[in-house]
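Trainee: I have a structure open and would like to go through it with you before I set anything up. Could you walk me through the main points?

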Amino acid sequence: MKRCAIYARYSSDLQSPTSIDDQIQLCRAYADRQGWVVVATYHDAALSGFGGEHRPAYQQLVAAAGAAPPGFDTILVEDLSRLTRDTGELLRLYHRLRLKSIDIVGVSDGIASGQQGGKVHLTVKGLVNELYLDDLRDKTHRGLAGCATRGLSAGGRIFGYRTVPVEAARRGAKHTAPARFEIHAEEAAIVQRIFRDYAAGQSMQAIAFALNRERVHFPAQETQRGPHRRGWAVSSVRVILRNEKYAGVWVWNKRRFSKDPDTGRRRALPRPPEEWIRQEHPELRIIEAD
């Protein structure tokens, strides 16, 4: 009787966590029809399928497969994209598992690595899954570029501003609807103080020290480059002083993000200036030019 390990994954916190349960139930039903026994289940929630180093359950699965002797004969997944969307990683995993005589079975896509031509099927399916990510990335970037050119938020938090849903979003009541920036009066006053004190000759260190001493409001979290600690630091002040947005000049698309194939982490890479989207937004000006 074959012993199976089930691996399930969903990639975004916008997806339902019940997706994990649905995938496991589908794999269990398949195992029952084959007369196989499920000995372990692994799952990663809200994690991308590109690469594997950032997915703890995936790493546990690979480690268990490499044990001597391995704890299972087959890995069951809903489809191969749940296992990985990286063709190189999929082929590396295939060769590792082949040494241990462990098969990969995709229930929905009908691919089994142990069958004749299994390696070809895995390679083609892996390439399709990877191309899907490339296409999704391009479409997402195109949508964000459209938001930026219309003066809407393309994501991220900027100290001194807040986002509010546009009228269409209020009517549609969808949490992913477009939003626009507006000045946050309390935070904008802090930004003005920082510029005013720096223009008066205070050092960035002195400004940060004064803000911390007076317990001036500090953002709890930042999703863009900027203040990210619990207190004001010299780097926090420096980032604000260098941000053109406070003068009403908004520049988007200066960087692209790519995942490092070794670590699975996103890396920011510069784009050429001709690809930048540069716009004037005087209504969002917090600091005057002089």
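Predicted model: local features only at pLDDT ≥ 70, side-chain atom pairs only at ≥ 80, totals over all residues.

Trainee: How many helices and strands does the protein have?

Mentor: The protein has nine helices and 11 strands, where helices (H or I, at least four residues) and strands (E, at least two) are DSSP runs numbered from the N terminus.

Trainee: And what share of the residues is buried?

Mentor: Of the 290 residues in the protein, 41% are buried; buried means under 20% relative accessible area, exposed means over 50%, and partly exposed lies in between, with a 1.4 Å probe and protein chains only. The protein exposes about 16700 Å², of which carbon and sulfur atoms supply 51%, and these accessible areas come from the Shrake-Rupley method with a 1.4 Å probe, only the protein chains shown counting as cover for residues.

Trainee: What about contacts between residues at least 6 apart in sequence?

Mentor: Among those contacts, 65% join residues at least 24 apart, a contact being heavy atoms within 4.5 Å.

Trainee: Moving to the sheet, in what order do the five strands come?

Mentor: The order is β2-β1-β3-β4-β5 in an open sheet with mixed pairing, and two strands count as paired if DSSP finds at least two bridges between them. At the edges stand β2 and β5 (111–112), each with a single partner strand, so one side of each is left without a neighbour in the sheet.

Trainee: Do β1 and β2 run parallel or antiparallel?

Mentor: They run parallel and are joined by seven bridges; Tyr-7, for instance, has Tyr-42 in β2 as its bridge partner.

Trainee: Switching to charges, how many salt bridges are there?

Mentor: The structure holds 12 salt bridges, each defined as a side-chain nitrogen of Lys or Arg within 4 Å of a carboxyl oxygen of Asp or Glu. One of them joins Lys-2 to Asp-103, with the closest N and O atoms 3.7 Å apart. Lys-2 lies in the segment before β1 (3–9) and Asp-103 in strand β4 (residues 103–106), so the pair ties together parts that are 101 residues apart in sequence.

Trainee: Which residue does Arg-3 pair with?

Mentor: Arg-3 meets Asp-73 in a salt bridge, at 3.2 Å from N to O. Since Arg-3 lies in strand β1 and Asp-73 in the loop between α2 (56–65) and β3 (74–77), the pair ties together parts that are 70 residues apart in sequence. Both ends are partly exposed, Arg-3 at 32% relative accessibility and Asp-73 at 24%.

Trainee: Which residues are linked in a network of salt bridges?

Mentor: Arg-193, Asp-197, Arg-213 and Glu-214 are linked in such a network. Within it, Glu-214 and Arg-193 have their closest N and O atoms 2.9 Å apart. Glu-214 lies in the loop between α8 (204–213) and α9 (234–241) and Arg-193 in helix α7 (residues 185–199), so this pair ties together parts that are 21 residues apart in sequence.

Trainee: Last one: where is Trp-36 found, and is Trp-36 buried or exposed?

Mentor: Trp-36 is found in the loop between α1 (18–34) and β2, and is buried, with a relative accessible area of 16%. Leaving aside neighbours within four places in sequence, Trp-36 is in contact with residues including Met-1, Lys-2, Cys-4 and Leu-76. Its C-alpha is 10.0 Å from that of Asp-73, although Trp-36 and Asp-73 are 37 residues apart in sequence.

Technical notes
Residues numbered from 1 in each chain as written. Heavy atoms only, no water.
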